[in-house]
Every structure is written in structure tokens, then in C-alpha cells.
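Work through the exercises below with the sequence and the model at hand. Each task is followed by a solution in steps.

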Amino acid sequence: MTAYILQRLIQSALVLVAVSVAVFFAVYGIGDPVELLVPPQVSAAERLALIKRLGLDLPVWQQYFTFLVNALKGDLGTSFVHGVPVVSLILARLPATFELVLLSMTGAAVIGIPLGLLAGLNPDSRPSRAIMTGTVIGFSLPSFWKGMMLVLLFSVALGWLPTAGRGETVAFLGIQTSLFTTDGLRHLILPSLNLAIPNMALMIRLVAAGTTEAMTQDYVKFARAKGVRRRRIVGRHVLRNILIPVVTVVGIEFGSLVAFSTITETVFSWPGMGKLLIDSIYQLDRPVVVAYVMLATLLFVAVNFIVDVLYAVLDPRVKLSGDMV
Amino acid sequence: MNKPIIPDDTATPLRRKVLRGIRKRPTTRGAGILLACLVLLAVFAPLIAPQNPYDLATLSVMDNRLAPGAASMSGSVYWLGTDAQGRDMVSAILYGLRTSLLVGLLSTLGALTIGVAAGLLAAQLGGMVDALIMRIVDFMLGFPSILVALVLLASVGRGVDKVIFAIILVQWAQYARLMRASALVERRKEYIEAAVNFGLPTPYIMLAHLLPNSIGAVLVVSTINIASAITLEATLSFLGVGVPVTQPSLGLLIANGFDYLLSGEYWIAVFPGLALVLLIMSLNFVGDRLRRSFNVKGG
């Protein structure tokens, strides 16, 4: 077991290093940040001083080496545009993204699981087919267009909800959040709904497929033969068994939601991490882009690592020998 | 399938089954017809479109942001309105459809070719090559495609060829994994063993036996992936890193319209969006049906 964990840890570290190299050299190619940062009237000497201060005069491999050494100390660089450490810049945007993801994930589960059960119990009925068709639509609609249509319908045409921004925030445990103000919640509804729809569709599909399969299992037949009521069979036996894959997927999807929130945050001008990434790409703020990708990679690697190790702990059939299967 | 299989005197019962599956279901049939229409419209766009939206000389800035159904200065009617440059939306959508479909098809073809080659090599050679290829595949699949493509395009800049390259980069791994899985199953079968014992050269066995017999699942999944390639392109163009402004795809048309959405000029964003959604949904419905008819898992 220890050997397996160690091997996975080494793999994860290699992935991080590989990504850092790839991203650093790719981002190095993004335009010339100095052009954007320096006003045209500045003298050549001042220009050179700035280039030196940003470390842009060094060869790229040397810049990478400095970055790597600092990264190991937890310092991912300083933003060209904002002049503050990028880690704190990104972390400051984290609550906004996190509350969006949290609300949309909860909404997707609360609506998706019952609908999935309904569709899975009577797969050939008319409502079930309508639900399953709905899931294809839910997957199909491009996130940015769906967001725009939500704005067009609920903000422009009906005037019920605000079009953009985060609204009023209050401090909760030292973190600014929109979850506890009416205005904040009103701002949250559309973006989180936009983010929730594909996940809702995914959840419905997973639960429906799991339910249909579970209903043919021996333990369900046995419970039925014993005279257990259908409601109890579904609620106690079936639901518990299908929740395992659902929880796994929810965990993994949490990571990709952070990635997809980029689009939603752009449409709704939501001041989260995704919006920061897009803005930084436009402003050629290289350190922020690199740091964002590194932190996202760290998140994915960590989630994968935890999932793999948990699987190995929970399911003895998983091979621990470290064979590359 | 619970129903008894009725003997069929034609040579390809599977093909008939699939076609019947499409014809009998109204949603799938509708989606199939719609898809065919959209493809035809895109192919013949230069013949159908009232205007060449790329030729700035034919555009009249005086006609900018006209509502649907408005008449132009020269008397013709803009059925879906005009955009900020005075471009006829009907023409812009038809040409945009062309760009979107072109990017979707070419990138899927590219990703398919690379993925199939990698998967086949991994399955056939095994050992270190297999391990290496599959590690790279795992690595690629670990990231959300939008993030990878976004950062890549941010550094290389806009362009149809660059978008296609970015989509190939994020999609090939999926095909490689699927191809390897089905090739591994196929490789255990007796006819392959027979071919090996005949002393046929390995490359020949791979290309003539293994490839045609294990590519089915990959091809089916690729139908749905055309839709996701088109979505990805549209999203990248919306974010401003996709196709160039001179050759707008549907995604870029929507992005252009976004600025005018809040002031009530809905048609610039809504109509290209509808075209995009219809294209993606028809591909998804047809692809989903194909997947079920051929009983392909994953993808």
C-alpha cells in the first residue's frame, strides 16, 4: 500500500513538473507584455529598468528556473498588471467561484437525482423519454449561448434578475460571500443555473442508468419476494447503491466545473477565478496565467490522487503492484 | 434486445437495424433530416447567400444593426436583420455554418487519425510503448479540454488552422484509449492468431485485420465528437481566441452579438446561436442513436 501511494505521489509530481514546463514555455509566447505595460512616452532607460525588474531580460530557461525555485517555496510570481503576488490574487477570487460551483452542484443534485430515479424506474414511459431527451439538450447547448439566453429571457425581457456582477456581499468567517444577501443571491441564480444544467443532465443519466440496472439485481428481487414495499426498496436499497458512482463523478466534476466556470463567469461578468484568467490572457499578464494553470493542475492531480488511493483502500481488487495497466 | 431476431435475407442486418432505429424514432429522424439540411446549406452557402459577408465592399455600413425583416438601402430585405457592420445575418450565418462545420470535421478527422494510430500501436506493441502512450493519454484526459485549448491558443494566436490544431490536441487521447481497448479485445481472436501463424508481417496484420475490425466503436463515438469539436470552437471564438474576425464562425457571430444583447438588439446573437444549437443537437441526437444501436460504451 505504501509503495502504491509513493508511486502515485511520484507520478503526480512528474505531472506537475511536465505541466509547468509546457505552460511556462507556451505562455512565454503570448505577445510582449512590456508593450502593454509601458506608456509610449516613457524613456528607453525606464523601459529597460522595467524589463529588468520583471525579469524579462533573462533567457526563458533561466526565468523558468527562477519560477520553479520560487514555486517550491509557495511563491508563483507577481502579477505584471496588479503588482501583487499572484497566489493571493487568485485566492482572493476563489470565494466567488467557489460559491457559484457549490450552489450549482447542489442544485444539480437536488433536481437531477429525483429526475434520474423517475427516468430509471420506468425507462419506457413518456415522461422518462422526455427527461432523457432533455438531458441531450442539456449537454448540447453551448454554455456561453445558454448563459446569454438566460440573460435575454430573465434580465432583458422579463427584468426579474440582474444581468451581471456579484451584487452585495457580506463577510462570513472572514470571507466575502454573496450567499447571505438577497441581492447577492439574485445575482447568483442565473450564473449558477447556467453552470448547473450540464451537470444536472449528467446526474440524471448516471442515476437513471444505475437505477435501471439495480432494479434487475438479485437483492432487489429478494427484497420484493420478502414483501418489502417498492418505496422502501428504491429509497433504501437502490438509491444507496447508485449513489457511489454519483459521488465519484461529483467529486471529479467539481474540478472541471472550476474550468467551465471560466465561460459562465465571462458571460455574467462574475468576478471569479475564471474571469481573472481570461482578463489576464487579454492583458498579457503571464504570471497569473501560469499560476492559474499550475493551481488548476494541482487541484486535478490532487483529486485524482485521492480518488485512486480511496479506490485502492475501498476495493481490494484494484491492483496495487504498480503495473502500468 | 428481448425481441426474437427475425431472419433477414439481406447481407447486412446490422445496417438495417441501425437505419430502422433512426427511421422509427421521430426525434432521431427529425435530427437526421435537419442535419442533412444544415450540411447542404453550408456546402452551397455561396450559391444561396444573398450577400458575400467576407467581401466588405458589398456591405453598407448605413444598413448596420437593422431589425429582422427590415429593407436595405438598395431595396432587398434582411430577413434576420444585420449586424454592426451592416452584414446580412442570413448570409453571415450560412458562411458561419461553413466555418463551424469545416473546423468540426477537420479537427475530428485529425484527432481520429492520430488517436487510432496511437491506440493501435499501443495495443499491438504493448510493453513500454503501450505504457508510455497510455500515460500521455491519461495525462491529456485529466484536463478539461477548454482550459488546454484556451491557454494554447492564447499563446499561438487566432486562426482557423490553429483552432483545428488545438482541438486535435485535446481530442486525440479519447480516441486512442477507445481504439486501444477495442484492438486489445480483437487481438485475442483466432483469426489474428491464424494470421500471425501464417507468418504475415505485423504491419500488415495491424492495417488489414486489426484496424478495420476494431475501428467501429471509434467511428461511432466520433459522430458525437464532431458536435463537441464544434462547441469547443464556438466557445473559443466566443472567448476571443478562436477563428479570426475576417472569417467568422457561428461562435464569433454570437460573440459579436453579445455586445448588443443588453440593448435589445437580440437578433445578432440569437439567430447564429439557434443555428449553432440546431447543428450541435442534431449531431448529438444522431450520434447518440448510433451509439446505442451499435451498443458502444464510453466516448
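**Exercise 1: the second largest pocket**

Task: describe the lining of the second largest pocket by residue class, then by position and element.

Solution. By class, 11 nonpolar, 8 polar and 3 charged residues line the second largest pocket. Here Ala, Val, Leu, Ile, Met, Phe, Trp, Tyr, Cys and Pro count as nonpolar, Asp, Glu, Lys and Arg as charged, and the others, Gly among them, as polar. Of the 22 lining residues, Leu54(A), Gly77(A), Thr78(A), Phe80(A) and Pro287(A) lie nearest the centre of the pocket. Next, take the elements: α1 (2–28), α4 (60–72) and α12 (286–314) of chain A each give at least two lining residues, and α4(A) has the largest share, with 4 residues. Helices (H or I, at least four residues) are DSSP runs numbered from the N terminus. The space in this pocket is about 550 Å³.

A pocket is an open set of points on a 1 Å grid over the protein atoms alone, with protein on both sides within 12 Å along at least five of seven lines; a cavity is a set where a 1.4 Å probe fits but cannot get out, and lining residues have an atom within 4 Å of a point. Grid points are joined across faces, edges and corners, and a volume is the space filled by probe spheres set on the points.

The model is predicted: local features need pLDDT of at least 70, side-chain atom pairs count only at pLDDT 80 or more, and totals for chains, interfaces and linings use all residues. Residues are numbered from 1 along each chain as its sequence is written, chains are lettered from A and ligands numbered from 1 in the order in which they are written, and side-chain values use heavy atoms, with hydrogens and water left out.

**Exercise 2: the cavity**

Task: state how many cavities of 30 Å³ or more the whole structure has, and which elements line the largest cavity.

Solution. The search finds 1 such cavity. The largest cavity holds about 40 Å³ of space. Its lining includes Met105(A), Asn199(A) and Glu253(A). Two or more lining residues come from each of α8 (182–214) and α10 (230–267) of chain A.

**Exercise 3: the interface**

Task: find the salt bridge between chain B and chain A.

Solution. The rule (a side-chain nitrogen of Lys or Arg within 4 Å of a carboxyl oxygen of Asp or Glu) finds 1 salt bridge across this interface. Arg205(A) pairs with Asp288(B), their closest N and O atoms being 3.8 Å apart.
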